[in-house]
Amino acid sequence: MDVYAHPTFDMAVRQFDLVAEHLEIPVAERDRLKYPKRSLTVAVPLRRDDGTTTVFPGYRVQHHLSLGPTKGGIRYHPDVRLGEVAALAMWMSWKCALMGLPYGGAKGGVTVDPGSLSSGELERLTRRYTQELIPFIGPQIDIPAPDLGTNEQTMAWMMDTYSTHMGHCVPGVVTGKPIVLGGSLGRREATGRGVGYLVGRAFETLGIDQSGATAVIQGFGNVGSHAAYSLARHGARVIAASDVSGGTYNAAGLDLRALESHVAAHRTMADFGGGEPIDNAALLELPCDVLVPAAMERQITGENAGRLRCRVLAEGANGPVTPDADAILAGRPEVFVIPDILCNAGGVVASYFEWVQDLQSFFWTESEVTDRLFRLLEGAYQQTLLTARKRNVTMRMAAMSLGVKRVWEAKRARGLFP
Ligand code: NAD
């Protein structure tokens, strides 16, 4: 399907093809599992503060509909393309299936630099984009959530636009909302906390003492910052972090609160004085116990994978490691990989909890959310590790094969209509 042509989609397809070979899925059944079921492209006109109008492309892709409604984030970034969104939707499918959630994968996005818009422009863009999606989303159809460049406020505008159209309050149409609108306690922190939990489990598996371990974080946004706090809470020293403007290195450990305040005040890490400047490429190659890429896809490639000096590679971002890099890392057993569909699954698990709470109008405490989150992550970690060891495959192959197999079995059980 040429419509999805994009390097990130090619990457997702290459990963799927390897898993399909491993699972010996009949060739005739592979395309049905691989290609997105539905995708929608919309033109989103925005009235600018200066009175002019700009039209932005927007997308929503629903990868498969076999297990329930679809679920996945909304990304605002200048590089958003249909093929990238389709790849992210496909990964969401395998992630939800690995975690045993009753969802297919989805993803959406608008090709825009959110930092270039005023708050009023962001609100109008979000409302108009949501309006274009109305026939395509809903609590039993497709449930968006935040991703790169979007946050709780974006979800509040989406929920309000959808509810206004329906004529009644529909909190279950999105997750990652503010608590006051039916958001869940613990959702904002869930992805980063999940990363921290799984890194702790990987350290136990490898016999690494977590207190005094060193961590490097690429991308100090929602996932990266909460992963940093979670690791620090268990005694790790975060020696470097970065955002799109570059990074800061401090061998004694960064002051995370000071960094967070700087980012909140300036919307960027640039000019943060708590260490020496370091660029994003060099940051990935720092010696450390755990490296957490928590920004964009395709950061670790065939070119730099041989130079990583971490003991655990915890993929907070979606798709940060290319298949070429995977092939190199497969020959470097000293680097333990926690693959993205497991490592960052805390976000969609807590989103699932939020959706369940909204549907029941019955809300949980933060510790109920976090305890259940860790229980699900623990089960998926153990299953993945066991599968990797039993079949002598990489952690990514193990996690993806568990996810793909569940979707394959569901499609087989339902049959092909008509
Ligand atoms: P965010 O917008 O809150 O933060 C992204 C961070 O990455 C920012 O600090 C940004 O400056 C930085 N960044 C952007 N481009 C960069 C680049 N080229 N180099 C270095 N840094 C760069 O986004 P987020 O929600 O934290 O998402 C980060 C990643 O985690 C994405 O891959 C997303 O798909 C994935 N993810 C997010 C969630 C979630 O719950 N938010 C869940 C699962 C996976």
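Angles under 35 degrees count as roughly parallel, over 145 as roughly antiparallel, 65 to 115 as roughly perpendicular, and the rest as oblique. In this predicted model, helices α6 and α7 pack at an angle of about 45°. The two helices are therefore oblique to each other. The model also holds an open sheet of 5 strands and an open sheet of 7 strands.

**Helix pair α6 and α7**

- Helix α6 spans residues 187-206, and helix α7 spans residues 222-233.
- Their axes lie 7 Å apart.
- The crossing of α6 past α7 is right-handed.
- On the α6 side, the contact is made by R188, E189, T191, G192, R193, V195, G196, Y197 and V199.
- On the α7 side, N222, V223, H226, A227, S230, L231 and R233 take part.
- By class, the contact residues are 6 nonpolar, 6 polar and 4 charged.

**The sheet of 5 strands**

- The strand order is β1-β2-β4-β3-β5, and the pairing is mixed.
- β1 (38-47) and β5 (142-146) are the edge strands, and each pairs on one side only.
- From one strand to the next, the twist averages 25°.
- Helix α3 (residues 82-98) packs on this sheet and touches β1, β2 (53-62), β3 and β4 (104-111).
- The direction of α3 makes about 150° with that of β4.

**Strand β3 and its partners**

- Strand β3 covers residues 70-77.
- It is mostly covered, with 8 of its 8 residues buried.
- β3 pairs with β5 in the parallel sense over 5 bridges.
- In that pairing, K71 stands opposite I143 of β5.
- β3 also runs parallel to β4, and 6 bridges join the two.
- Here I74 stands opposite G108 in β4.

**H63, a buried loop residue**

- H63 sits in the loop between β2 and β3.
- Buried means under 20% relative accessible area. H63 has 2% relative accessibility, so it counts as buried.
- Leaving out residues up to four places away in sequence, H63 touches L33, K34, Y35, P36, K37, T70, A89, M90, S93, W94 and G105.
- H63 and K107 are 44 residues apart in sequence, yet their C-alpha atoms are 8.4 Å apart in space.

**The sheet of 7 strands**

- The order is β9-β8-β7-β6-β10-β11-β12, again with mixed pairing.
- β9 (276-278) and β12 (336-338) stand at the edges. Each has a single partner strand, so one side of each is left without a neighbour in the sheet.
- Neighbouring strands are turned by 20° against each other on average, direction ignored.
- Strand β6 (residues 214-218) pairs with β7 in the parallel sense over 5 bridges.
- Q218 has S242 of β7 as its bridge partner.
- Strand β7 (residues 237-243) is mostly covered: 6 of its 7 residues are buried.
- Strand β10 (residues 288-293) and strand β11 (residues 310-314) are a parallel pair with 3 bridges.
- Within that pair, L291 stands opposite L313 in β11.

**T248, a buried strand residue**

- T248 belongs to strand β8 (residues 246-249).
- Its relative accessible area is 3%, so T248 is buried.
- Neighbours within four places in sequence aside, T248 is in contact with I239, A240, A241, L254, M269, F272, G274, G275, E276 and I278.
- T248 and P277 are 29 residues apart in sequence, and 4.6 Å separates their C-alpha atoms.

**Backbone details**

- The peptide bond from F417 to P418 is cis, with omega near -5°.
- P418 lies in the segment after α14 (395-414).
- R267 is a residue other than glycine with a positive phi, near 60°.
- R267 lies in the loop between α8 (256-266) and β9. Its relative accessibility is 61%, so R267 counts as exposed.
- R298 is not a glycine either, and has a positive phi of about 55°.
- R298 is placed in the loop between β10 and β11. At 34% relative accessibility, R298 counts as partly exposed.

Definitions and conventions: Residues are numbered from 1 along each chain as its sequence is written. This is a predicted model: local features need pLDDT of at least 70, side-chain atom pairs count only at pLDDT 80 or more; totals for chains, interfaces and linings use all residues. Side-chain values use heavy atoms; hydrogens and water are left out. Axes are lines fitted to C-alpha atoms, for helices over the stretch in contact, and angles run from 0 to 180 degrees between N-to-C directions. Helices (H or I, at least four residues) and strands (E, at least two) are DSSP runs, numbered from the N terminus. A crossing is left-handed if the near helix is turned anticlockwise from the far one by less than a right angle, and right-handed if clockwise. Contact means heavy atoms within 4.5 Å. Ala, Val, Leu, Ile, Met, Phe, Trp, Tyr, Cys and Pro count as nonpolar, Asp, Glu, Lys and Arg as charged, and the others, Gly among them, as polar. Two strands pair if DSSP finds at least two bridges between them. Buried means under 20% relative accessible area, exposed over 50%, partly exposed in between (1.4 Å probe, protein chains only).
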